[in-house]
Amino acid sequence: MVDVGIREVAALAGVSVSTVSNALNRPELVSRKAAARVTEAIETLGYVPNVAARQLRAGRSNAIGMAVLNITNPFFSDVVLGAEEVAELAGYSVIVGNSYDSAEREARYLDLFERQRLDGILIAPVGESLEMLDRFRRRDVPVVLVDRVDHDGVFPSISLDDVLGGVLATTHLLEGGARHIAFIGGPMRVSQMKERLEGARRTVEAAGARFTFIETETLNPQLGRELGDRIAALPLEDRPDGIFAGNDHLALGILQRLIGHGISVPGEVSIIGYDDIDFAGAAVVPLTSVRQPSHDIGGHAAKLLLQQLAPVEGFSLRTRFEPVLVPRQSTRH
Ligand code: RIB
């Protein structure tokens, strides 16, 4: 008995029913042109393959797609490793796409993942909007958000409580005596950054200390070095005595340049990062950071995705990890 909706898809696409079935279950047998017509017909009709077709397809590609914000950041490479470990144990390969903070690059990878009919998608989204993921939901392809909560509750997610992370970081700086704290990070379209800023601003202003926010378009050591030069050139009365950097990559660049300008860290300026990547503890002044369980975030995201491909009772669809402060020599305490 052929699934009733598949006939309408075939008629609209102008192909045979078997071509639609192959496009869903054995894409290697279908031309790109026919596959594109089938995809367009599926989206037009909002067709969702039945469970039997999905389970049949689920074993077909044995691959999941994973789009991350910046693969050069050890945080994300560790997240990917955690996901790969779990996925490969279940017989799935992971195809990684580096969006590099670009919505255009992210879209190209999502198109590729769709064309390849991958069985599931893991994504750390570039922007606030999640509409670009609806096409997978319509085709019953499971998606899990990584390092992000879907506040609409549509997509399962693995994330960290980044507001708490901002509170931990700035409370630590205040306890070390800082009275002018700068949060340096961005871009603000990345919700993790917005949440860190929110936790930081709320904590510093509640303590009656001075708060400065410097938004950045990305987060990497080179930008950190440029910002370190800018901070070192500030008049003393305008220079923060506590810096909370949006992540360790940025913090390490700032640290390097402040020391290069002869500024004592943490004597004159305390610096705290975020993620606790391996290099944080190895820095010339070991960097205090807010730890994310990056490997576990990746592993848990993969488990959550596999859970939707082969449901097991009682598995939570939303997991929020807690950040952990890791004090080192770059902050007074
Ligand atoms: O991508 C920027 C940052 O957001 C990463 O360093 C990590 O902290 C993520 O949550």
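Predicted model: local features only at pLDDT ≥ 70, side-chain atom pairs only at ≥ 80, totals over all residues.
Local features require pLDDT of at least 70 and side-chain atom pairs count only at pLDDT 80 or more, while totals for chains, interfaces and linings use all residues. Residues are numbered from 1 along each chain as its sequence is written, and side-chain values use heavy atoms, without hydrogens and water.

Five aromatic pairs are found in a search of the whole structure; rings of Phe, Tyr and Trp (its six-membered ring) pair if their centres lie within 6.5 Å, with planes under 30 degrees apart counted as stacked, over 60 as edge-to-face and the rest as tilted. Among them, F75 and F76 form an edge-to-face pair, 4.9 Å centre to centre with 75° between the planes. F183 and F213 are stacked, at 6.0 Å centre to centre and 20° between the planes. F183 counts as buried because its relative accessibility is 0%, whereas F213, at 28%, counts as partly exposed. F183, F213, F244 and Y274 form one aromatic cluster.

The search for salt bridges finds 15 in the whole structure, each a side-chain nitrogen of Lys or Arg within 4 Å of a carboxyl oxygen of Asp or Glu. E114 and R135 meet in one of these (3.0 Å, N to O). E114 is buried at 8% relative accessibility, and R135 is buried at 13%. A network of salt bridges links D111, E114, R135 and R139. D276 and R291 also form a salt bridge (2.6 Å, N to O); D276 is buried at 12% relative accessible area, whereas R291 is partly exposed at 38%.

Definitions and conventions. Buried < 20%, exposed > 50% of the residue type's maximum accessible area, 1.4 Å probe, protein only.
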